[in-house]
Amino acid sequence: MTTTLEHTKTASIPQGGGLARRQNFLTGLIGGAIFAWLFWFLAHHFLDATSRTWSDEVAASVTLGWIIGFWLGIGALNAPGRWLIGKNNTRADDLYLAGQGQGKSRYWKFTTDHKVVGVQYIIMTMVLLGSGGILAMAIRTELIVPGNHFVNQQVYNGFIAVHGMLMILALIVAVAGPWGNFVMPIMCGARDMAFPRLNALSLWTLVGAAALLLTTLAVGSLTMGWVVLEPIANQAGVGMDFFAMAIIVFTVSTTVAGVNTICTVLTMRTKGMTLSRLPIFVWGAIIAAALGLYAFPYFSLVEAMTLMDRTFSTSFFVANAGGEGWLQANLFWLMGHPEVYVILLPAVAALFEIAAVMSRKPVFSYRTAVAGMTGLAGLSILVWAHHMFTTGWAPTLGGPFMLTTELISIPTGLFFLVLIGTLWRGNIWMKLPTVWMFGFIANFIIAGVTGIYLSDIPLDDQLHGTMFVTAHFHYVFVGSVLFGAVAALAFWFPKVTGRYLNEFLGRISFWLVFIGVQVTFLAMFASGLKGMPRRYSSYALIFEHTNFITTIGAYIIMAGMLVLLGAVITSWNKGEPSGPNPWHANSLEWLVPTPPPLENFDVLPVITEDPYNYGEELVRS
Amino acid sequence: MSIDTESEHAAHGGHDDGHHEPPEVVDGRQKMGVWLFIGGDMIGLSAILFTFLYLRGVNTDGHWMSMWGYTGHPYSYYYNILDVKGGSIPNATLIKVGPLSAGLNWFVTVLTVLSAGIIWMAERGLRATKNVKSYTTMAGIATAVTILSIVYGIIQLQHIPQIFTAHNDSLTMAYTAYDSAMMAVDGSVVIHLFILAFLGLGLTIRSARGVINGTKWYQARLVRLFWVWVAISSVIASLVTTTVNTIH
């Protein structure tokens, strides 16, 4: 059996491509480095001629130079350039850009085929999770005993900020990136995404943003968490300029990806694929994309204003010149809470898909599932100030925001209803995706219930800023979203590679991560309940035991994730062959060959039924 | 999922034309894409105007349009006097700034609206008369008007007054909250104008080379959609920033 990595080797490389034939990740890096140096030189001589090598002006210019150079080097700006001079791509150009006949090298290029982009997102997610995970281990090692000096306090602060942001980026793309690209267009009956070049742009822009984010560790001096609160952010070192520009660039990536996802689903569905016949994962992807389109402009703006305060001496957040720190908090959390659901919804929708296939039943109350996801997205834009209960901003609005936050539990409850209802009395096939799905259900209950505690103002007054909050959102992101993401990986892995993800290693990984999550974060809840504040590099003796347990738990999670990485690597080329439809599913991605051909379908299908008629199938048989 | 590939295959006479979508299908998809980008841009504009109105509303310590600073010379000037001549640094005085020129603000906006009007008429003319030469000329004029509005936009940004002050324990120039908000609004307009100039130049070149013509005009329409939105957003921004800027 050939794999996706190999299948286009059989086709010849088309003649087109032009400049793109000489561009790849390496030329992107070189272009980025050259332009970063050029902008450093220009900024140093024209903006800041003082002896300081790394002023904020220079740092911001370098980051801008990096991303422009990276785009130029990788080939992201070829199409706008050609458009400007009145040239259109030929069919051969498009085929070359889609990676035809280029084997593994197309994974290192500005390739437009949605399946290649999907695989690139898988790799990117693993890189982001791995980087963030290493920082998490460093943080937990620092906290294993009080007064430890594994890293100094300034470095520790930087680790906290970059770990948080890396993990947020990783989880935003963990499900929507790989599977929103690889399988979603096929699920809709489309030949590709609506805008293939924008698809590649969103991926490589994310790479550029991640590089900036990781560079903050080298230039240092990040003194706040990933929320980059003012006025601390204004006083931080030049790492903050890299951080802010990384976020601005990242929001370009998510906006482009969001527009692409929505357009693909709304305009490229094949005949008969009505909205009520859409696989439920597609609903999750499109609702998350729409929510991201709403939320991320705030993120971009707040970081742009932080950068302006630092480089142009504006005063958005400087109180003695008429600015206000609460403005930053408002704009940030206008993005920050919807962003949680941009992360969560694709994972939940993937689990609905897995539950239906693995229990041989239709999605229980399909419309309730769609309503729950839509309701959650709608409510999520009305709850931002619950993050500011203890800041003193608009205390009279506390009641309404507490109410809207508690209302969130209704659509969240619908998710459990749909999942349990789908599994109820089903003929459950306990394979790897199902195992991780059950892990999600268990963890998400703890995440949800502790979230209700925190929405309550009197309790939030006591727990805000403590490790209890940290444990809560780690149950959301690690215990829930990560479990959903791994379930999705195990489920669609055979479609990407033609092989099963190693069941044995996958289960070992599951138990290590599942146990690790409980050990780590239940102990962290205990630290928080005792009053341990977040983001401190040392602590009082009263927190010693719970922190020791938390760190051991974190090591267990890391061991589990390494086993999972081993399973992915070994299964990719040497795993058990799975055939095109290993789960005997009905949705379109399983009905095309594995690996799917370049444009997915020889003949576009006409859909006559919904994808979950397993029950009827059984009755008929 | 039940599918029926046979009937679809037969309907196209055995040939799959899905690989070569009709232009109107591609056009519709791209139009939706532009509308979605405009939607995202609307959120961005509303966030910027929210910032402007929020800072004006809270008027922190009465400093919406004022700041403690040093007039006449930069802080470092006095610092040097202190070092060299043994003088003393004067006390910071409260410096007030007035609203920026509404005339210049509206001039940029009018230019943007004018360029949008030209590009709209050009597109309508192209579709009605198929006269590409006329379209090229008008797109070129719209681009030139946009470049002029960029120039005035930059002049507007340069006229935002700075105050010499101590800022984050360093000696620097700073902007009041009002000036900062104006810089965000005007800066956003200028960035959008740069995008319009790029698009306008592209339309001019493409129509001159015949890529856009009387039958292939859909890209002209897509650009016009965005151009009109930028003009509308410029009017909204000018309305807000010139009518509710001061606090009485």
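In this predicted model, A:L565 is located in helix α22 of chain A. A:L565 belongs to a nonpolar patch on the surface. Two elements of chain A each give two or more residues to the patch: α6 (114-142) and α22 (544-574).

A helix pair was examined next. Two packed helices are described by the angle between their axes and the distance between the axes. In chain A, helix α7 (residues 153-174) packs with helix α20 (residues 467-497) at an angle of about 35 degrees. The axes of α7(A) and α20(A) lie 10 Å apart. The crossing of α7(A) and α20(A) is left-handed. From α7(A), the contact draws on A:H163, A:I168, A:L171 and A:A174. From α20(A), A:H474, A:F477, A:V481 and A:A485 take part. Six residues of this contact are nonpolar and two are polar.

Charge pairing was considered last. Side chains of opposite charge can pair when their charged atoms come close. Over all chains, the structure holds 10 salt bridges. One salt bridge joins the side chains of A:D93 and A:R82, with an N to O distance of 3.4 Å. A:D93 lies in helix α5 (residues 91-97) of chain A, and A:R82 lies in helix α4 (residues 78-84) of chain A, so the pair ties together parts that are 11 residues apart in sequence.

Key
Residues numbered from 1 in each chain as written. Chains lettered and ligands numbered in written order. Predicted model: local features only at pLDDT ≥ 70, side-chain atom pairs only at ≥ 80, totals over all residues. Heavy atoms only, no water. Axes fitted to C-alpha atoms, helices over the stretch in contact; angles between N-to-C directions. Helix = DSSP H or I, 4+ residues; strand = E, 2+ residues; numbered from the N terminus. Left-handed = near helix turned anticlockwise from the far one by under 90°. Contact = heavy atoms within 4.5 Å. Nonpolar A, V, L, I, M, F, W, Y, C, P; charged D, E, K, R; others polar. Patch = residues over 30% accessible without salt bridge, like charges linked within 9 Å, V, L, I, M, F, W, Y side chains within 5 Å. Areas by Shrake-Rupley, 256 points an atom, 1.4 Å probe, with all protein chains shown as cover. Salt bridge = Lys/Arg side-chain N within 4 Å of Asp/Glu carboxyl O.
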